Amino acid sequence: ALALTGAELVPLVQGGVNVQSTVADIKAYSRSYGAFSSNADQTGSISAGTAMTFSTTDVADGVTLASSSHLVVPNDGVFNLQFSAQLKNTDNAQQDATIWFRIDGVDVTNSATQITVPARKSAGVFGYAVAAWNIFLEMTAGQYVEIMWLPASTAVTVEALPASVSP
């Protein structure tokens, strides 16, 4: 058998009408994904939202990283954005941070969530909380999404920790 080139036409029925699409187009819509990470601690502004940034593309097919915080989608569709961020608090009191999503510079309505980071336990034992959730976003080709955050105090940061072999 010959290998597919992606230019082959596949017959489909769309809204009761016979249409054709290429294998490449079907592939583009069926598996656009990306996983991105950062190995740097991040400090946010306490007066305006700050975009979480990424320094590494772990794996991707279609979704790309631009300007260190823009996750760009290759096609129209509904995308399931999943993330986790470890928040660190160096203050003696618990502190809040708000996280939300922004598409093409516009805040996504009803996407904000406030998380409370516990107070530190001692001078060297800080308070931590993990924000981890997902949201479904309807986007068009070429749009970008950002994960925004706003800490209530400069004592709250997003911390990147390396892998560890002991507790």
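Reader: Is W133 buried or exposed, or does it fall in between?
Author: In this predicted model, local features require pLDDT of at least 70 and side-chain atom pairs pLDDT 80 or more, whereas totals for chains, interfaces and linings use all residues. Residues are numbered from 1 along each chain as its sequence is written, and side-chain values use heavy atoms, without hydrogens and water. The relative accessible area of W133 is 22%, and the classes are buried (under 20%), exposed (over 50%) and partly exposed in between, with a 1.4 Å probe and protein chains only. W133 is therefore partly exposed.

Reader: How does F83 stand by relative accessible area, buried or exposed?
Author: For F83 the relative accessible area comes to 10%. F83 is therefore classed as buried.

Reader: How many aromatic pairs does a search of the whole structure find?
Author: Rings of Phe, Tyr and Trp (its six-membered ring) pair if their centres lie within 6.5 Å. Across the whole structure, the number of such aromatic pairs is three.

Reader: Which geometry describes the pair of F83 and W133?
Author: Planes under 30 degrees apart count as stacked, over 60 as edge-to-face and the rest as tilted. The ring centres of F83 and W133 are 5.1 Å apart, and their planes stand at 80°. The pair is therefore edge-to-face.

Reader: How many residues apart in sequence are the parts that this pair ties together?
Author: Strands are DSSP runs (E, at least two residues) numbered from the N terminus. F83 belongs to strand β9 and W133 to strand β13. The pair therefore ties together parts whose separation in sequence is 50 residues.

How values were computed:
Helix = DSSP H or I, 4+ residues; strand = E, 2+ residues; numbered from the N terminus.
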